[in-house]
Amino acid sequence: MPIRLRMALVFALALAIAFALGGWLFLSQLSAATLRSTDSALAARLNQVGHDPEGETGPVAAVTPGGPAPGEYVAQVVDASNRVRRASAHAGKAPLLTEAELSQARRHEIVLTRTIDHQPVRLLAAPLREEDGWVGIAGVSLANSDGTLRQVTVGLLIGGTAFVILAGIGAYWLARAALAPVERLRREAAALSEDDTGATLRVPGTHDEIAALAGTMNDLLLRLRTALARQRAFVADASHELRTPFAVLHGELELAGRPGRSKDELTAAVATAAEEASRLTRITDDLLLLARGDENKLSLQLDRTDVTSLLARSAQQARARAEAAGVTCRVEATAGLIAVVDAGRIRQAVDNLVDNALRFAPPGTEVLICAQITAGSLVIEVSDSGPGFPAEFLPHAFERFRRPDQGRARSAGGAGLGLAIVQAIAVAHGGTAVAANRPEGGATVRLKLPAPPESPS
């Protein structure tokens with residue numbers, strides 16, 4: 001069911017309920033006011049019955065048969081033995097009240113409604129002061145009052161029904177007009193395709209909720225297109241990165257399969273193929289890690305870890321390469337620095353940072369690995385004295401397949417996934433990774449991780 005129709009039906013139903021309650025209250029008050037006015041008139045008539053017998057009632061023999069006409073007053077005087085002594089026309093020879101009601105009327109005034117000759121009659125009875133045990137009764141037909149109430153009720157029903165219907169139609173058209181911009185936005189959004197790279201939804205100049213919705217949808221479209229472009233670039237970069245080792249591997253296997261190859265040539269071909277296979281394995285493992293990080297499924301095995309020892313092992317592993325490049329690795333951390341982290345993942349992140357630092361550190365300099373607990377956070381920092389990051393590269397430092405020189409050769413530094421993996425590991429720990437240039441020269445990458453004071457269960 002369309003929203004505009006639901007809104008119109010709900011509005012009409014609420015209006016009908018409100019109108020019904022209002023009509024019921026109005027009819028109740030009108031009926032009560034009519035009865036009060038009738039009771040006041042009956043009290044005046046009853047006073048005349050008690051003080052002027054000849055004016056309101058006559059001998060019983062003069063009673064005219066038949067009930068009272070609509071709006072006509074009737075009166076009776078009943079003695080202590082429940083006999084009608086005097087009565088007005090159409091009052092009848094029998095008392096208008098029962099014995100029990102006459103007994104009550106001899107003690108105090110009573111008011112009640114009685115049906116006489118198929119029409120309602122309002123009766124007021126009270127003891128007469130002139131005669132002990134005598135009761136005066138005054139009544140009037142309510143036919144006119146009931147008829148008026150019926151006419152008012154019918155008028156309210158007809159008018160209320162028409163009013164509710166018209167109000168529902170008005171609410172439907174009002175809701176339709178209010179939702180017309182939303183329908184326009186829906187049609188425009190449905191007409192967009194993934195090839196409409198620059199198309200946006202029109203934002204009305206009303207500065208209302210519809211305009212805010214259009215602006216939010218345009219922001220969403222921009223984020224989706226950015227994500228799609230990033231995904232396409234990622235696929236293109238991954239394809240480019242995987243193409244080279246596959247081509248080398250295919251070429252080496254093809255050459256190894258040619259006849260007349262010597263043992264040394266076959267050994268060299270197999271070694272090259274194994275190296276390329278290792279590179280493919282490393283790239284696919286890195287891509288799998290990043291994919292799990294995107295889905296928040298990067299598993300961690302948190303435990304109390306000696307961070308100082310972990311950094312020392314990373315520096316020890318890089319010593320051979322550092323010596324070959326004429327660079328030294330130094331660890332600067334408090335002995336016995338403990339934090340609750342995934343030691344394997346943190347070691348992987350630090351190894352990536354040390355590998356990058358050794359690649360750009362000039363001979364005769366050092367790569368500094370620092371760690372400390374600051375304000376409840378574990379801060380690990382790897383710095384070098386190389387040329388630093390290009391200024392235009394820093395905002396994109398942790399993007400996948402992003403390198404300062406955009407190189408892709410193995411000698412130029414690999415696939416460009418190292419910093420992306422570092423950031424994924426930091427985020428999985430609930431921390432952050434920041435790349436910057438040192439004021440004295442060189443690059444630095446800082447990991448800031450939460451450091452819970454207690455080990456996990």
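In helix 9, the residues R345, I346, Q348, A349, N352, L353 and N356 meet G418, L419, I421, V422 and I425 of helix 10, where contact means heavy atoms within 4.5 Å. The model is a predicted one, in which local features need pLDDT of at least 70 and side-chain atom pairs count only at pLDDT 80 or more, while totals for chains, interfaces and linings use all residues. Residues are numbered from 1 along each chain as its sequence is written, and side-chain values use heavy atoms, with hydrogens and water left out.

**The whole protein**

Ten helices and 13 strands make up the list of elements; these are DSSP runs numbered from the N terminus, with helices being H or I of at least four residues and strands being E of at least two. Of the 457 residues in the protein, 34% are buried. Here, buried means under 20% relative accessible area, exposed means over 50%, and partly exposed lies in between (1.4 Å probe, protein chains only). Among contacts with a separation of 6 or more, 64% are between residues 24 or more positions apart.

**Helix 9 and its two partners**

Two packed helices are described by the angle between their axes and the distance between the axes. The axes used here are lines fitted to C-alpha atoms, for helices over the stretch in contact, and angles run from 0 to 180 degrees between N-to-C directions. Helix 9 covers residues 343-360 and helix 10 covers residues 418-428; they pack at about 150° with axes 9 Å apart. The two are therefore roughly antiparallel to each other. For such labels, angles under 35 degrees count as roughly parallel, over 145 as roughly antiparallel, 65 to 115 as roughly perpendicular and the rest as oblique.

Helix 9 also packs with helix 7 (residues 307-317), the axes coming within 10 Å and crossing at roughly 40°. That makes helix 7 oblique to helix 9. On the helix 7 side, L310, L311, R313, S314 and Q317 meet A343, I346, R347, V350, D351 and V354 of helix 9.

The handedness can be read for both pairs: helix 9 and helix 10 have a left-handed crossing, whereas helix 7 passes helix 9 in a right-handed one. A crossing is left-handed if the near helix is turned anticlockwise from the far one by less than a right angle, and right-handed if clockwise.

Within helix 10, the buried residues are L419, A420, I421, V422, A424, I425 and A426. After helix 10 comes G430, with a positive phi near 85°.

**Two loops with positive phi**

N82 and A375 are residues other than glycine, and each has a positive phi. N82 is found in the loop between strand 2 (73-78) and strand 3 (84-87), and A375 in the loop between strand 10 (366-374) and strand 11 (377-383).

| Residue | Phi | Relative accessible area | Class |
|---|---|---|---|
| N82 | near 65° | 23% | partly exposed |
| A375 | near 55° | 80% | exposed |

**Residues that reach across the sequence**

A443 belongs to strand 13 (residues 443-450) and counts as buried at 8% relative accessibility. What does A443 touch, not counting residues up to four places away in sequence? The list is V382, S383, D384, G388, F389, A436, N437 and R438. One of these, G388, is 55 residues from A443 in sequence and 4.2 Å away in space, C-alpha to C-alpha.

E188 is in helix 4 (residues 143-191) and counts as buried at 18% relative accessibility. Leaving aside neighbours within four places in sequence, E188 is in contact with L201 and R202.

Is H250 buried or exposed? H250, which lies in helix 5 (residues 209-256), is exposed, with a relative accessible area of 54%. H250 and E276 are 26 residues apart in sequence and 9.9 Å apart in space, C-alpha to C-alpha.

**Rings**

There are three aromatic pairs in the structure. In one of them, the rings of Y172 and W173 have centres 5.9 Å apart and planes at 85°, so the pair is edge-to-face. Rings of Phe, Tyr and Trp (its six-membered ring) pair if their centres lie within 6.5 Å; planes under 30 degrees apart count as stacked, over 60 as edge-to-face and the rest as tilted. Y172 is partly exposed, at 24% relative accessible area.

Another ring, that of Y73, has the charged end of R45 sitting over it, 4.4 Å from its centre. A charge sits over a ring if NZ of Lys or CZ of Arg is within 6 Å of the ring centre and within 35 degrees of the ring normal.
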